[in-house]
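Reader: Can you walk me through this one? I will ask as we go.

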Amino acid sequence: MRMRMMVLVCFVLCFISSWAIGQEVRLGALQDTTGATSDVGKDEALGVREATQYFNDAGGINGKRIRLFQYDYGYRVPEAITTYKRFRDYDKVVMVLGWGTGDTEALSPTINADKMPYLSSSFSGHLCDPKKTPYNFVYGTDYSTNARGAIQYWFDEVWKKEPKWKELREKGVKPKFICFMDTASPYATAPIKAIKEQATILGFEIGPDQHVGLTALDTKSQVLTAKGFGANLVWHGNTTMSVSAAIKDGHVLALGADHIINNWGFDENLPKLAGPAAEGAMGLLGCALFIDEYPAKNRVLEYAKKLNPGIPLENRLIRTVQGWVKVAMAVEAMKRADKAGKLNGPGIKDAFETFKDWPGLKEYGGQLVTLTPTDHRYSSIVRVGRVVKGRPQTVMEIDMRAKYPDKWAGWLGY
Amino acid sequence: MSFRPCGNYHQYYRQDHAWWQTKFVWGKMILLGIFVFYLFPNFAGMYLISIANVVGYTILSAMGVQLLIGYCGQVTLGHAAFLAMGAYSCVLLMLQLHIPYPIAMIIGGIVGGLWSILFGLPSARVKGFYLIMTTMAAQFLTVEFFITQYVSQIGGRGVAFSIPPGTVKIGPWMIKNDRDVYYLMAILVILFTFIMANLIRSKIGRAWIAIRDNDIAAETMGVNIVLYKLLAFFVAGFFGGMAGAFWVTSLAAVSPEHFHFGWSLWLVGVILIGGVGSIHGVIFGSLFMTLIPEGLKFLIFVLTQNPIFVNLMPFLPLLLEKFLFVKEAAFGLAIVLFLIYEPNGLSYRWWQIKNYFNLWPFSY
């Protein structure tokens, strides 16, 4: 009996001591590992954990250990809300790494009232205007700029140059463009206004939007509508799983159009899921693919093997690297805020806004980051990828500010 | 059915119909009131208050589902559509026409009710699986098509509508933090419960129950089943619309993603777990469906992050790697176990426990 009591006391003491608050910085991470976007969310969650461990091993936030509070919310908005409140009131984090567009946009008024910096995996252009969302930050080129860049790339490099479109081009036909997306998903719909505006600028004919659910497995009716319209280019606004279903259906039904995919739908899994149908598909890349060569690759591989050995490296995706990018950007902001003696919400926000051509993300294939108190767009550079011989790879980077200098300022918050 | 202490006799029908028939019950209710309006909001902390707000929102949302399924026998799988109509009506009235929140909320409820009647009309002709299909149509036509494609575009705000701080106020009372939302939620839950409980024991409620039990028999006894079914849809839609309008205060934003099909199914789950045909069931079901996932989330976090547990059981980190669905599976298992071992829901268990103590020591 006494022995049992002693064991119990030791256990309780160990438990308490392990949770004791020391010199630590609390960081919240909202993830979708089981919901509608878990096809990309699981891998990102791994990357976030591994990166946090790395930065802790490298000295944390100026010597303070990062304590990561990472929860899955299954892409359910009410659960995102309670989880955020948990971060704010119970875990008492200094900043949050968010996930979806729906919950990030829904939480935006709350986080602004709470002065909680929120670095989100949603790169919605709506979150980049500090006049409306001062505490929201993104770690990739925003969806709207990306979508404009992608369609620009297709027009300049594919429509105007590739023999596939020579006949139509010479006839002076306007390219026909159609959008596939989950019309009820703020993530999927966020860049639609921008991409249609860009399509109009480039002189495209725009077809009727097609609703494809985030978990869709069959998209034949949408593909047939696109075929009836005579689409030359299809924009896919969803995540990898439903995008691959749509591309396969397009292949089976001989749609004949080119495909451009938003960044959460374009990764190493696309050719695996869509097979030969994915060949030539274009997409947007926020950073290096996991299979690419990039300066921090050894570090990413080492921590992937060390912390999550059960997951084969060949199954890892660009999402892991995106997790690293997210944490690296958050860590830099927290370090700067800590140095300034203001490791709190407003301090971290101010620290983010001091980023000027910050090169820290180049190690992961990201861009130079510039953020100002009047513009939270991470970069104007759009990185376009393409599936070539079954393997996604970067084909071009376009600077949309340089290409449209007169329009760039007006696109803020679009 | 309830039991009174021995020797407690009623002399008037008023006493017989009173909600709280003994001083002991009055005492319990006063204590509950003190807990709900004073102790909990002042001492529970903001995290628990925000959880309570989600519980309250679930109660408000599921009340209409309980009315339709539990009391009137009209199965609905599209209730989120009526919530969405109420939420969007309320927000648009506030943002576009600057109508005060309480009026916008009531109009939101009425819009939800009228919208519900529209999709309740087929209930005059069809029932069972066909009615389920009709209510599912309400979900997809309303949220995925009407709201997403058209309503969301009003004012050029994009899909998500944000409500500027200071917009939501009731007279001089500004709803600005979770505690204010909590008080509003508590008042609404009490109001809804009061309305629902009184409706159920009125002529209308008896007609609904008669339709649920056997609609042909009800009709032969003179119940106008079309009228009462549509009334049930209106009241359920009104509750839904008000719930949607309440949700707006909690979040200061609204988007179609808040009212997806999964939420409609979730609400049916709430009443199945809590108990079909019971107002207590709505409350218990909402508590279960909100607190269990929250608890599981915390449990998974502790088990996978605490070095003591991880050292004792090195396989635990796999919960974040290969067995991500353990939380969801545990939750699903809990629902299945309830349906097998407690098909009458938590409210039935509550009723048994209450009667055990009421009849103690002669509880057999």
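Author: A term to begin with: angles under 35 degrees count as roughly parallel, over 145 as roughly antiparallel, 65 to 115 as roughly perpendicular and the rest as oblique. This is a predicted model, where local features need pLDDT of at least 70, side-chain atom pairs count only at pLDDT 80 or more, and totals for chains, interfaces and linings use all residues. Residues are numbered from 1 along each chain as its sequence is written, with chains lettered from A and ligands numbered from 1 in the order in which they are written.

Reader: At what angle do α3 and α7 of chain B pack?

Author: About 20 degrees, with axes 9 Å apart; α3(B) covers residues 46–71 and α7(B) residues 178–200. The two helices are therefore roughly parallel. Axes are lines fitted to C-alpha atoms, for helices over the stretch in contact, and angles run from 0 to 180 degrees between N-to-C directions. Helices (H or I, at least four residues) and strands (E, at least two) are DSSP runs, numbered from the N terminus.

Reader: Switching to chain A, what is the strand order in the sheet?

Author: β2-β1-β3-β4-β5, an open sheet with parallel pairing. Strands pair if DSSP finds at least two bridges between them. The edges are β2(A) and β5(A), each with a single partner, so one side of each has no neighbour in the sheet.

Reader: How many bridges join β4(A) to β5(A)?

Author: Three. Tyr118(A) stands opposite Asn136(A) there.

Reader: And how many residues does each chain give to the contact between them?

Author: Chain A gives 35 and chain B 38, contact meaning C-beta atoms, placed from the backbone, within 7 Å. On the chain A side, α3(A) gives the most, nine residues.

Conventions. Two residues are in contact if their C-beta atoms, placed from the backbone, lie within 7 Å.
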